[in-house]
Amino acid sequence: MIIPVILSGGSGTRLWPVSTNSAPKQFQPLTGKGSMFLQTLDRAVDRSRFAAPMIVCGPAHVAHVEADLLAADVTDARIVVEPAARNTAPAIALAACAALAEDPDATILVMPADHIMTDVPAFLSAIEAAMPAVEAGALATFGIAPSHPETGYGYIAAGAPLAATPGIYAVRRFVEKPPRDKAEAMLAEGGHYWNAGIFLMRADRFLAELERQQPAIATSCSAAMTKARQDGARVHPESDAFLSSPSDSIDYAVMEGAEQVVVAPVDPGWSDVGGWAALHELGEKDERGNVRIGDVIAIDAADNYLRASEGKRVAVVGVSDIIVVTHGDDILIIPRDRAQEVKAIVEYLAANPSR
């Protein structure tokens, strides 16, 4: 049985004002049915294939997690509550320790809670394809078939195919977020995939690699879980031990230097929903290319993302390629090609709390 590990930290600042530190994007119904957390949970709901899920989140998000679990009628999940954010490597280490405490042969499927997939069967098929390599000790990552030369994602360069595992490749290297000319060259070359941050691996193999490469993280997280406090479904790692852990991502801490890393290429209609422009790309459009959510009037307008919160109305005339979002008392208006700059508003508000 595979234990789904859902990483539910992060604040999604590029989706302000809907996504905030207290109510981040993974718990918002931004696309599809229900929150992105619920959609992630639903990918691993088949109990003939997956064990009860394990959620890793911070204290501020426990209530959101529990509310969504209740909505999904999931009663056997465990919630590992991080005392503080320490990036993905320590978060996964906590989950791996918890998994091994239950099953010495545990395999974990690590998924961020704030991504979407429109073709889940394709993803499940990729998991099945990667399992033989994982059982043999490999750490598997999932490479998303790129649709364009994206500069905002890291890439995975596939190497030789595994003779015993059709459709799975050794990882040749990981590539940082590239400039556009390099991204275009990688797509032209082929064999390069977007790094979605989704992993399938035996818990013991991950922890062994962590111990070999980052012993300080491994020691801190192991001690934190050894002295963890149980409170119903909540697991509280011991705070002092965990806070002594360095902060690092799984990519830097483990994957780039691991001895057996493979990639399973897949095209599951994936997006990390990194901003409002991504939601325009994903949304259902009218005949003029507008995505309209809520009470929206669009006259002589094209290629806009227009979102009105309950009780509000958005009306536009004669505009193109903009984003308008209302949420509570906040209104965002920004050109679609500058959507990533929303984070400047979040930074301004953090520096000016009286606003």
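**From the whole to one strand**

A: The protein has 29 positive and 45 negative side chains, and the centres of the two sets lie 3 Å apart. Lys and Arg count as positive, Asp and Glu as negative, while His and the chain ends are not counted; each charge is placed at NZ of Lys, CZ of Arg, CG of Asp or CD of Glu. This is a predicted model, in which local features need pLDDT of at least 70, side-chain atom pairs count only at pLDDT 80 or more, and totals for chains, interfaces and linings use all residues. Residues are numbered from 1 along each chain as its sequence is written, and side-chain values use heavy atoms, with hydrogens and water left out.

The overall fold comes next. The protein holds 11 helices and 19 strands (DSSP runs numbered from the N terminus: H or I of at least four residues, E of at least two). Its C-alpha atoms fill a box of roughly 60 × 50 × 40 Å along the principal axes. Of the 355 residues, 50% count as buried (under 20% relative accessible area with a 1.4 Å probe, protein chains only; exposed is over 50%, partly exposed in between). Among contacts (heavy atoms within 4.5 Å) with a separation of 6 or more, 67% join residues 24 or more positions apart.

Now strand 4 (107-112). In this strand, 6 of 6 residues are buried. Cover reaches both faces: Thr-107, Leu-109 and Met-111 are buried on one side, and Ile-108, Val-110 and Pro-112 on the other. In a regular strand the side chains alternate between the two faces of the sheet.

Strands pair if DSSP finds at least two bridges between them. Strand 1 runs parallel to strand 4 over 6 bridges; there, Pro-4 is bridged to Leu-109. Strand 9 (residues 192-202) is antiparallel to strand 4, with 4 bridges. Here Ile-108 stands opposite Met-201.

The buried ones are Met-36, Phe-37, Gln-39, Thr-40, Leu-41 and Arg-43.
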